[in-house]
Amino acid sequence: MGGLWAYVVVFLLVAIGWAGVPAIGGAVIAGAAVLASQGKLDFGGVLLVSILATEAGGLAGYAIGIRWGRALLNHPGPWLRRRQQALAGGEVLYAKWGRLAVFFTPVLVSGIVRMKYSQFVVWNLLAGAVYVFSVGPAAYGAGKVTSGEASLGAVGTLLAGIAVGVGAFLLARRYYRRHKARRASAAGRHGSAEPASAADPAPAADEES
């Protein structure tokens with residue numbers, strides 16, 4: 001089992017990735033899980049540290065988003081257009097999906113649209129846990145299988161990780177459909193009371209969905 005510093009490194013890298021640096025978090029979680037499959041790290045420790053890191057990184061990214069997020073994404077420089085598209089796409093997702101958009105957008109966007117903090121804390125934790133319990137077990141099981149330890153437990157762990165990801169997608173789709181139906185119903189009631197105006201603002205991210 002790896003020493004304390006190995007888990008500190010995993011925590012820091014996953015937190016940095018979840019805070020907004022792309023392509024780090026998932027790679028670190030998967031790599032640590034593979035090391036755990038070879039007995040070099042404790043698998044339970046990797047999962048716990050990774051979940052804590054996604055929460056810590058999410059809170060940091062949220063705070064940055066509130067204070068500097070829009071300025072950072074609109075600042076002239078490399079990939080300006082891509083950053084602006086990411087911001088516009090994130091705002092659209094929040095308008096359509098409500099709080100569930102935390103699962104699909106960078107945490108900076110949650111801060112930019114000023115999602116209610118108490119809601120973000122819970123939904124970011126859920127998003128991080130789903131991500132970790134999908135990537136971690138899948139990588140752990142794959143590590144066992146590719147190293148020649150294709151036991152029932154290893155295959156089961158691999159399939160469990162995949163199942164978490166698929167299950168989360170199906171639940172998200174169901175939530176979105178119910179959320180869309182409630183918005184349509186509310187819009188219908190509003191429309192029957194008075195004509196809708198094209199200038200009506202989109203619902204804020206911290207409104208109940």
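A residue is called buried when its relative accessible area is under 20%. The legends below apply this term to a predicted model.

**Figure 1. Asn124 in helix α6****.** Leaving aside residues up to four places away in sequence, Asn124 is in contact with Trp18, Thr54, Glu55, Gly58, Leu59, Val102 and Val107.

**Figure 2. Val10 in helix α1****.** Val10 lies in helix α1, which comprises residues 4-19. The relative accessible area of Val10 is 8%, so this residue is also classed as buried. When residues up to four places away in sequence are not counted, the contacts of Val10 are Val28, Ala32, Val49 and Ser50.

**Figure 3. Val10 and Gly25****.** This view shows Val10 together with Gly25, a residue 15 positions from Val10 in sequence. From C-alpha to C-alpha, the two residues are separated by 8.9 Å in space.

Figure 4. Is Ile16 buried, partly exposed or exposed? Ile16 has a relative accessibility of 41% and therefore counts as partly exposed, because that class lies between the limits of 20% and 50%.

Note on methods:
Residues numbered from 1 in each chain as written. Predicted model: local features only at pLDDT ≥ 70, side-chain atom pairs only at ≥ 80, totals over all residues. Heavy atoms only, no water. Helix = DSSP H or I, 4+ residues; strand = E, 2+ residues; numbered from the N terminus. Buried < 20%, exposed > 50% of the residue type's maximum accessible area, 1.4 Å probe, protein only. Contact = heavy atoms within 4.5 Å.
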